[in-house]
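I wanted to look up the aromatic rings in this chain and then its nonpolar core. My notes are in the order in which I checked things.

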Amino acid sequence: MVQTVRGREARRAAILRRAAEVFRLKCFHGAGMREIARGLGMAPGALYYYFKGKEDLLFACQAMSLRRLIQSATEIASSGLPPQHMLRQIVRAHLRHTLGDMGGGLAHLEFHALPPEMLEEVVRQRDAYEAIVRQVLKEGMAAGVFAARDVKLAALTVLGALNWSVVWWRPEWPYTIEEVSEQVAATLLRGVTR
């Protein structure tokens, strides 16, 4: 029976989530296609129907995460909310996507393991996302809401803290991702707000 497009996309998403879990536990270089397939009840060879190899999986994890981050940040930045509310929502969306959607996978940090052509695309998308965050910070600085003086350093600080969450966060914790994201947002906003 021919697999539907929707079914294929759902299977790809399940594979990406499992790959992100394995990358979180073993890091990119320690993870294997067999282990990813085993966790899905698939034969290792079946993974190659969906992805060319481990680098392709890492790239797809990055692409999916960045697509969601950019989409959420774009919607938030165009919402007309005050800058501090936009930043809070961006922080929460960032953690929801990286910790929830991708299971807190270190794939979000291990993008440097990608081959040059894939890395270039990921860096381009990360820069586009950073530009949205910078714009929100810039608006807040211009309005006198944020105390930071350098928009680039402020953006790098916020994004660095958010990205590092995949290192310290554990899915077995008793806190929901929403609880974690609210606490992180409150902490970061206290650090940049007048």
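The entries below cover ring pairs, charges over rings and the core.

Entry 1, ring pairs. I was working on a predicted model. I looked for aromatic pairs and the count came to 4. I then took up Trp173 and Tyr175: their ring centres are 6.3 Å apart and their planes stand at 90°. The cut-off for edge-to-face is over 60 degrees, so this pair is edge-to-face. I also found that ring pairs join Trp168, Trp173 and Tyr175 into a cluster.

I found the charged end of Arg8 over the ring of Tyr49, at 4.9 Å from the ring centre. I also noted Lys54 over the face of Phe28, with 4.7 Å to the centre of that ring.

The largest nonpolar core holds 56 residues. I looked up which members touch the most others and got Phe23, Leu57, Val91, Leu137 and Leu162. Among the elements that give two or more residues to this core I listed helix 1 (5-30), helix 5 (83-101) and helix 7 (151-168). Helix 4 gives the largest share, 10 residues.

Which residues is Leu162 in contact with, leaving aside neighbours within four places in sequence? I found Val91, His94 and Leu95, together with Val184 and Leu188.

How values were computed
Residues are numbered from 1 along each chain as its sequence is written. This is a predicted model: local features need pLDDT of at least 70, side-chain atom pairs count only at pLDDT 80 or more; totals for chains, interfaces and linings use all residues. Side-chain values use heavy atoms; hydrogens and water are left out. Rings of Phe, Tyr and Trp (its six-membered ring) pair if their centres lie within 6.5 Å; planes under 30 degrees apart count as stacked, over 60 as edge-to-face and the rest as tilted. A charge sits over a ring if NZ of Lys or CZ of Arg is within 6 Å of the ring centre and within 35 degrees of the ring normal. A nonpolar core is a set of buried Ala, Val, Leu, Ile, Met, Phe, Trp, Tyr and Cys residues joined through side-chain atoms within 4.5 Å. Buried means under 20% relative accessible area, exposed over 50%, partly exposed in between (1.4 Å probe, protein chains only). Helices (H or I, at least four residues) and strands (E, at least two) are DSSP runs, numbered from the N terminus. Contact means heavy atoms within 4.5 Å.
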